[in-house]
Amino acid sequence: MSNGSFPPEPGRRGGTLAIVLAALIPACFAGWLLWSSVGGAQDDGAGGAGGTGAPTTSSTSSPPPPSSGASGASGVSGAPSPSGEASGDVPGEGSGKTLKGKVIVIDPGHNPHNRDHPSQISRSVDIGTEEKECDTTGTATNSGYPEASFTLDVARRARTLLEARGATVRFTQDGDRPYGPCVDERAEIGNKAHADAVVSVHADGAAAGERGFHVILPKSVRGGGADTSAITVPSRHLGERLLDRFERATGSEPAQYIGDGSGLDVRGDLGGLNLSTVPKVFIECGNMRDSQDAAELTDAAWRGRAARGIAQGITDFLNE
């Protein structure tokens, strides 16, 4: 084709298209940058990663356990709310394990008012194999924090957890009695309730330097009103579950100053065990006379972990 053989209109349309495209491309690129910037800011606010819509560890992992409440030796006047300790269960520990229909008796060792009734708590009662005093005041830390206050606080926290799982929980005393009950009555409360498990919560008063916790199991005894032959095996199972879960929840180690250091101690001189007809154990959560153990026992957050260990040990036993 010679010069002038192409018509003039198509040429002008091609030039116009090039101009339009040249204007649109920068505008589209600027719009994409704006969209990306807005999207990134939204991701950062939701997931904490910034610039990506993918799930992050912080947005998918379980929240940390909530605070157990007041610090120090306070917090014994009432139980924590179900939205407190109960929601702090570690995933997999108790999740999906119902306790509906189960009856659990928690026996907070001693009574804060025992000290005001020395003659009543010192009288002798029959524990089957012998006679022992009704009760004692319990021990205390060197700073004066009483075992009776400790046991009530831990027991109330454990009750909150267990009730949240559907259990019926009964106390032998809730600081609402003038003194006691005596050790024989404590056993009778669990028996009459036909409890599926009974745990008596205590703290030890050993020599300074002795550390750790231990679980006391009933010895097989017969005599008078005592006959533990039917409960020694299930009580040992309960004790083993408590030992495992308490150690895991608190980080405490089994006491080395009791027995063989296994954390399990078998006794036949405790009325609360001798007279029980249902699975029952004692747990000594630590030594109040040792400064390191006392620092834990007087810490509210640690008591929350102790309660969780006790509740989980009971839960494991009742779901065997």
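Helices H6 and H9 cross in a right-handed manner. In this predicted model, the axes of H6 (residues 232-250) and H9 approach to within 7 Å, with a crossing angle of roughly 145°. On the H6 side, the residues that meet H9 are Pro234, His237, Leu238, Arg241, Leu242, Arg245, Phe246, Ala249 and Thr250. Their counterparts in H9 are Trp302, Arg305, Ala306, Arg308, Gly309, Ile310, Gln312, Gly313, Ile314, Asp316 and Phe317.

H9 also packs against H4. Here helix H4 (residues 147-164) and helix H9 (residues 300-318) have axes 8 Å apart and an angle of about 50° between them. H4 therefore counts as oblique to H9. This crossing, too, goes down as right-handed. H4 brings Phe150, Asp153, Val154, Arg157, Ala158, Leu161 and Leu162 to the contact. From H9 come Ala300, Trp302, Arg303, Gly304, Ala307, Arg308, Ile310, Ala311, Ile314 and Thr315. Trp302, Arg308, Ile310 and Ile314 of H9 turn up in the contact with H4 and also in the one with H6.

Threonine 151 is another residue of helix H4. With a relative accessibility of 0%, threonine 151 falls below the 20% cut-off and so counts as buried. Setting aside residues up to four places away in sequence, threonine 151 touches Pro108, Gly109, Val201 and His202.

Buried residues account for 44% of the 320 residues. Among contacts with a separation of 6 or more, 79% are between residues 24 or more positions apart. The exposed surface comes to about 15400 Å², and carbon and sulfur atoms supply 54% of that.

The mean pLDDT is 79, with 70% of the residues at 70 or more. Residues 1-23 have pLDDT below 50, and beyond near neighbours in sequence this stretch makes one contact in the model. Residues 27-92 also stay under 50, yet the model gives them 67 contacts beyond four places in sequence. Where pLDDT is low, predicted coordinates are not to be read in detail.

Several loops carry backbone features worth a look. Glycine 180 and proline 181 are joined by a cis peptide bond, with omega at about 5°. Proline 181 sits in the loop that runs between strand S4 (168-171) and helix H5 (183-192).

Two histidines have positive phi values. For histidine 110, phi is about 70°, although the residue is not a glycine. At 63% relative accessibility, histidine 194 counts as exposed.

Aspartate 227, part of strand S8 (residues 226-227), lies 47 residues from asparagine 274 in sequence, with 6.7 Å between the two C-alpha atoms. Leaving out neighbours within four places in sequence, aspartate 227 contacts Val221, Arg222, Asn274 and Ser276. Aspartate 227 has a relative accessible area of 36%, so this residue is partly exposed.

Glycine 144 and methionine 288 are 144 residues apart along the chain, and their C-alpha atoms are separated by 9.8 Å. Glycine 144 belongs to the loop between strand S3 (131-133) and H4. With a relative accessible area of 47%, glycine 144 is likewise partly exposed.

Conventions: Residues are numbered from 1 along each chain as its sequence is written. This is a predicted model: local features need pLDDT of at least 70, side-chain atom pairs count only at pLDDT 80 or more; totals for chains, interfaces and linings use all residues. Side-chain values use heavy atoms; hydrogens and water are left out. Buried means under 20% relative accessible area, exposed over 50%, partly exposed in between (1.4 Å probe, protein chains only). Contact means heavy atoms within 4.5 Å. Accessible areas come from the Shrake-Rupley method with a 1.4 Å probe; for residues, only the protein chains shown count as cover. pLDDT is the predictor's confidence in each residue, from 0 to 100. Axes are lines fitted to C-alpha atoms, for helices over the stretch in contact, and angles run from 0 to 180 degrees between N-to-C directions. Helices (H or I, at least four residues) and strands (E, at least two) are DSSP runs, numbered from the N terminus. Angles under 35 degrees count as roughly parallel, over 145 as roughly antiparallel, 65 to 115 as roughly perpendicular and the rest as oblique. A crossing is left-handed if the near helix is turned anticlockwise from the far one by less than a right angle, and right-handed if clockwise.
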